[in-house]
Amino acid sequence: MKKMKREYMVLLVVDTQKGITDERLYGFKELEENIKTLLKASRDSGVEVIYVRHDDGPGSGFTRFKYA
C-alpha cells in the first residue's frame, strides 16, 4: 500500500454525540476509547480532524442551531 502524505489526510468523526452513541450501544466503551486514541494520534501528527453531527431539525433532541 502506498503511504499517503499527511497533507492529504483527515480524520472524519461522524455522529458521535450523546444520544446517538452512548452506553446503550454495543461495545460503547471500546468505541469511545478507540475514538479518543484516533483523536490524540491525529492531533499529535498534525492531521486535521473534521466532525459531522446529526441534526434532525427544529424541536428534535439533536438540533444544534436555532431555526427561525
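The structure holds 3 salt bridges, a salt bridge being a side-chain nitrogen of Lys or Arg within 4 Å of a carboxyl oxygen of Asp or Glu. Side chains of opposite charge can pair when their charged atoms come close. Before we get to the pairs, a word on what you're looking at.

This is a predicted model, where local features need pLDDT of at least 70 and side-chain atom pairs count only at pLDDT 80 or more, while totals for chains, interfaces and linings use all residues. Residues are numbered from 1 along each chain as its sequence is written, and side-chain values use heavy atoms, with hydrogens and water left out.

**The overall layout**

The protein has 1 helix and 2 strands, and from the N terminus on these elements run β-α-β. Helices (H or I, at least four residues) and strands (E, at least two) are DSSP runs, numbered from the N terminus. Strand S1 covers residues 10-14, helix H1 takes in residues 28-44, and strand S2 spans 48-52.

The protein averages a pLDDT of 76, and 63% of the residues score at least 70. Confidence is highest in H1, at 89, and lowest in strand S1, at a mean of 86.

Of the 68 residues in the protein, 15% are buried. Here "buried" means under 20% relative accessible area, "exposed" means over 50%, and "partly exposed" sits in between (1.4 Å probe, protein chains only).

Looking at contacts with a separation of 6 or more, 59% involve residues 24 or more positions apart.

| Pair | Distance between N and O |
|---|---|
| Glu32 and Lys29 | 3.7 Å |
| Lys36 and Glu33 | 3.8 Å |
| Lys40 and Asp44 | 2.6 Å |

Glu32 and Lys29 both sit in helix H1, 3 residues apart, which is about one turn of the helix. Glu32 is partly exposed, at a relative accessible area of 25%, whereas Lys29 is exposed at 58%.

Lys36 and Glu33 are separated by about one helical turn because they are 3 residues apart in helix H1. Lys36 is partly exposed, with 47% relative accessible area, and Glu33 also counts as partly exposed, at 44%.

Lys40 and Asp44 are 4 residues apart in helix H1, again about one turn. Lys40 counts as exposed, with 51% relative accessibility, and Asp44 is exposed too, at 56%. The side chains of Lys40 and Asp44 also make a polar contact (2.6 Å). A polar contact is a pair of N or O atoms within 3.5 Å; within protein, one must be able to donate a hydrogen and the other to accept it, and residues adjacent in sequence count only if both atoms are side-chain atoms.

Is Ser42 buried or exposed? Ser42, which lies in helix H1, is buried, with a relative accessible area of 10%. If you set aside its neighbours within four places in sequence, Ser42 is in contact with Leu11, Val47 and Val49.

Ala41 has its place in helix H1 as well, and it is partly exposed at 39% relative accessible area. Ala41 and Leu11 are 30 residues apart along the chain, and their C-alpha atoms are separated by 9.9 Å.

**A nonpolar patch on the surface**

Which residues form the nonpolar patch? They are Val10, Leu12, Val14, Ile50 and Val52, and together they have about 390 Å² of accessible area. Patches are made of residues with over 30% relative accessible area and no salt bridge, with like charges joined within 9 Å and nonpolar side chains (Val, Leu, Ile, Met, Phe, Trp, Tyr) within 5 Å.

S1 and strand S2 each supply at least two residues of the patch, with the largest share, 3 residues, coming from S1. Val14 is found in strand S1 and is partly exposed, with a relative accessible area of 43%.

Terms used
Contact means heavy atoms within 4.5 Å. pLDDT is the predictor's confidence in each residue, from 0 to 100. Accessible areas come from the Shrake-Rupley method with a 1.4 Å probe; for residues, only the protein chains shown count as cover.
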